[in-house]
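Hi everyone, thanks for making time.

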Amino acid sequence: MTKKFVLALVSLMVLAAVAVGSASAGIYCINISAADAVFFGESGLNITSAVLNPTANVSKIAWYSPGTVPGTDAPAAVYDINGTEQNFYVSPTMFTGYTGAWYRYTAGHGLSTTSGELDPIQVAFYVYEPSLSLAIYNNVSGKDITNKKVVADDTVTFRVASNLYSLFARSNAASYTNATLNVTWQQFYTSGIDIKVKSPDGATLNALVNHTQATNSLSGVKPNNQLYYLINNALAVDAWEINISQYSPGLYEAYAQCNVNSMKDNLGSVTGKTVSATGTLDVDKDTISVTADKETVIRNNDFTISIEGKPKTVYYVWFTGTSTYTFGNGTGDILTADIPPQFMPNQDDVNFMNNLDNTAAVNLNYVYKGTTTQIRTDVATSTTVVNNPYAINVTTGTDGTAVVGIETHQNTKAATYTIRVQKPDAINQLYDTVKVKIEKGAVTVTASGDGSYYLGEEVVFSGTNTDSDYTYLFITGPNLNANGAKLDAPTTTATVSDQTNTFVRETVKTDNTWEYKLETAGLGIDAGTYTVYAVNTPKNKADLSGAKYDTVSIVVKKPFVTATVSASTVAKGDKLYIRGTAEGNPTPGVAVWILGKNYWNGEAATPAAPSMVTETVNDDGSFEYEFGSSDTVNLASGQYFVVVQHPMYNDRFDVFTWGVNPTYVVENVSGITGSNTNFIIWGNNKLQGSDAAEALITSINSADIDDTYTKLTFLIEEPWIRINAIGDHYVGDQFTIAGTTNLAVDDDIICEVTSSSFKPTQKTQSGEFSGQSSTVKVVEGETYNEWSMDVDASTFKPDEYIVNVESIETTATATTTFNVLTGQPTVTATATSTGAAPVTATATATQATPTSTAAPGFGALVALIGLGAVAALVLRKE
């Protein structure tokens with residue numbers, strides 16, 4: 001919708017705008033007085049009074065170079081003007097390069113007087129090169145709009161920039177009076193600077209119509225300063241306030257020219273001297289437009305509209321068709337549905353208005369940021385309304401634009417809205433509209449992990465919410481309220497619609513995400529399957545029909561604990577590890593009880609103040625308790641009992657120790673604050689070993705205790721190491737020395753093989769030695785743990801060797817011996833008997849030459865004895 005454009009182009013025949021060909025010369029103040037300004041191209045000037053003195057007949061003028069002293073130094077140029085005084089022409093040829101002051105001149109550089117003295121030198125006139133330019137200005141903003149666009153109703157004026165203002169300030173123009181015509185020269189001389197406007201259809205105009213329909217001439221403009229604005233002032237002749245709405249759209253061209261005293265005729269159309277450059281003005285219809293940065297907006301998000309109209313102009317902006325909406329109930333911070341979007345407060349150049357629409361008066365109540373306000377839609381009423389966020393007036397900037405912010409809320413009605421921008425003109429109603437669709441957002445929810453959790457673990461719920469500032473959470477499940485229960489208090493608080501304190505409310509972040517961490521310890525719920533609801537508004541399960549929500553199912557499992565010992569039998573001084581899993585992320589960890597005859601690890605750990613021993617549980621549910629070497633080394637051999645206790649649902653140990661040295665007892669929680677003593681665990685009359693373990697288990701198994709446990713046993717033995725039989729070997733053999741032990745797996749054992757001949761020797765004796773030493777690990781065996789060392793006898797000397805095996809962690813040792821021989825013997829026997837013929841027997845022994853200092857071992861001696869017996873037998877047969 002645009003205002004009907006008024007075409008009020010000045011009629012070329014009826015009004016004063018006429019088509020102009022070339023400018024005709026006009027006369028203005030041709031009588032030049034001393035020190036007046038004259039300009040290149042002027043002709044017909046009478047300079048008599050400027051150059052002549054009543055007492056002397058001077059016909060010359062002189063020009064002095066800058067820096068010289070007129071009347072003292074010689075002039076740079078002297079012109080004889082004799083005979084031209086009354087019809088003087090300011091010739092550009094004569095005066096180019098010699099502008100400025102010209103002085104009366106005689107040979108004595110001054111004027112002779114009757115007394116023979118010289119008068120002071122006098123300025124005859126000033127000569128200037130004319131300059132002329134024209135600019136178009138907005139008459140309201142004062143900005144230069146030459147070569148730019150304007151719209152209807154803009155008022156413009158012209159600015160003449162010229163040094164010709166001094167021409168129109170000549171002294172004779174105001175003082176000389178023509179008695180015959182009874183007018184002054186200023187009234188008689190009508191010529192001046194002429195402004196020409198060329199319309200889009202080609203006509204050249206010398207007058208324009210202003211907003212009052214008065215005709216303003218653009219001819220004969222007489223500036224009185226260097227920058228002259230044709231603005232409205234006290235003189236009717238200067239009332240050039242030109243209203244563009246009177247003219248048809250198109251491109252207008254404007255220029256100024258001056259032909260006073262035939263100046264232009266003599267100089268020609270030289271741009272910048274007597275004719276200005278041409279400026280343009282693009283006249284357009286008055287329009288208003290409005291656009292939105294989003295066509296569709298998810299409610300609870302903001303958007304903007306951009307207005308484009310006239311600079312520094314007020315426009316009305318409002319939502320149309322909203323007078324029947326429900327604007328809240330005024331109770332608390334929960335808005336009812338069906339409120340429209342709202343203009344943001346505290347925006348520059350934006351003011352709230354009293355009216356919502358140009359319709360009948362309707363009183364509406366709405367809640368705006370928690371305050372109930374009455375709105376009256378009829379602007380004519382006397383009701384004063386503060387901060388009506390549905391109607392504003394906005395002032396555009398100097399560029400004609402304005403950006404307005406609009407906000408939506410979680411209860412903004414999902415609908416398509418029409419935003420109207422209108423110029424406050426009751427007659428023409430120039431306006432534009434834009435439509436924006438407001439849609440409901442969405443809510444999502446997910447649970448961390450695989451959706452299965454042990455009671456005591458943390459569950460992280462997260463998701464998105466594009467519809468509201470808060471996400472409301474509740475839970476349903478076995479034996480909970482059918483319409484939902486508060487997520488963090490499911491057994492005590494049922495959800496009630498619109499009562500926010502019965503929901504878990506989580507703030508939605510600026511990126512539309514939200515997150516809530518739920519600690520399941522102490523919730524009071526049992527194992528089972530539950531459903532968690534995330535809703536955009538505080539509505540329980542029975543009232544979700546108009547809400548945006550999402551659900552996620554979770555499985556809650558009962559926590560438990562499992563454990564194993566690193567070895568069922570432990571050698572004194574060896575470490576024992578109790579490893580296991582405690583599901584449910586117990587904050588205090590697990591309690592580890594080790595009980596035996598006259599032994600409790602709680603007392604051993606801190607004898608001055610015995611107490612139950614706990615171990616931290618890792619994030620993955622695993623734990624490891626180390627029963628160190630210093631703990632086992634002094635234990636008596638025998639059976640020990642282990643109980644690993646889990647705090648379960650309430651995340652606390654309901655069975656615990658308490659006491660004052662030297663007596664400590666095991667107690668269990670009774671009711672909320674009380675406790676019961678079960679048995680003495682340390683001190684006089686304490687329970688021992690299996691009895692203490694059984695009493696502890698019985699206490700944990702109590703019906704009003706939610707803790708759980710697992711039990712284990714292990715044996716403590718004296719440490720021992722055994723070496724398996726080795727047997728004799730030969731130089732070069734590769735064999736394994738092995739054995740068994742009750743030491744723990746991964747314990748280190750030092751195994752040494754040493755030649756028995758390794759002893760102090762004389763200086764003349766060889767000190768050769770052979771053997772091997774290694775540190776080996778204990779490995780798991782079938783019946784007992786095992787150890788072994790591989791031996792390479794290629795460098796061994798024939799000898800008896802001692803094997804010594806020793807535990808690093810304990811005092812266990814073992815020793816044995818074996819022999820290394822020089823080589824394997826080969827025996828050949830031949831017997832021949834023919835009657836009385838003698839019997840011959842041959843024995844052959846092959847043996848490496850022994851080292852000179854090697855003493856034979858027990859095996860070598862046995863071999864030598866055997867060879868001697870064979871030889872004796874042969875001799876006897878012979």
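Before we start, one term: two strands count as paired if DSSP finds at least two bridges between them. And please keep in mind that this is a predicted model.

With that in hand, look at β33 and strand β35, residues 458-464: they pair in the antiparallel sense, over 2 bridges.

Okay, on to the aromatic rings. How many aromatic pairs does the structure hold? The count is 29. Let me pick out Tyr 79 and Phe 95, an edge-to-face pair with 5.7 Å from centre to centre and 80° between the planes. Tyr 79 is in strand β3, residues 77-80, while Phe 95 is in helix α2, residues 92-95, so this pair ties together parts that lie 16 residues apart in sequence. Are these two buried or exposed? Tyr 79 is buried, at 19% relative accessible area, and Phe 95 is buried too, at 0%.

Next up, Tyr 98 and Trp 102. Their ring centres are 6.5 Å apart and the planes are at 65°, so that pair is edge-to-face as well. Here Tyr 98 is partly exposed, with a relative accessible area of 29%, whereas Trp 102 is buried, at 0%. And these rings belong to a cluster: ring pairs link Trp 63, Tyr 79, Phe 88, Phe 95, Tyr 98, Trp 102 and Phe 125.

Some of those names come back when we look at the largest nonpolar core. That core has 55 residues, and among those that touch the most other members are Phe 95, Trp 102 and Phe 125, along with Ile 61 and Phe 158. The largest share of the core, 4 residues, comes from strand β19, residues 250-258. As a bit of background, in soluble globular proteins nonpolar side chains tend to be buried together.

Let's jump to Arg 722, which has rings to sit over. It lies over the face of Trp 720, 3.8 Å from the ring centre. The charged end of Arg 722 also sits over the ring of Tyr 784, at 5.8 Å from its centre.

Last topic: salt bridges. The count comes to 12. One of them joins the side chains of Asp 284 and Lys 149, at 3.7 Å, N to O. It links distant parts of the chain, with Asp 284 in strand β20 (residues 279-284) and Lys 149 in strand β9 (residues 148-151), 135 residues apart. Asp 284 is partly exposed, at 27% relative accessibility.

Then there's Arg 299 with Asp 467, at 2.6 Å, N to O. Arg 299 is in the loop between β22 and β23, and Asp 467 is in the loop between β35 and β36, so the pair ties together parts 168 residues apart in sequence. Both Arg 299 and Asp 467 are buried.

Finally, Lys 437 forms a salt bridge with Glu 439, with the closest N and O atoms 3.6 Å apart. Lys 437 is partly exposed, at 39%, and Glu 439 is partly exposed, at 29%. That's my tour, thanks!

Methods. Residues numbered from 1 in each chain as written. Predicted model: local features only at pLDDT ≥ 70, side-chain atom pairs only at ≥ 80, totals over all residues. Heavy atoms only, no water. Phe/Tyr/Trp six-rings, centres within 6.5 Å; stacked < 30°, edge-to-face > 60°. Buried < 20%, exposed > 50% of the residue type's maximum accessible area, 1.4 Å probe, protein only. Lys NZ or Arg CZ within 6 Å of the ring centre and 35° of its normal. Core = buried A, V, L, I, M, F, W, Y, C linked by side-chain atoms within 4.5 Å. Salt bridge = Lys/Arg side-chain N within 4 Å of Asp/Glu carboxyl O.
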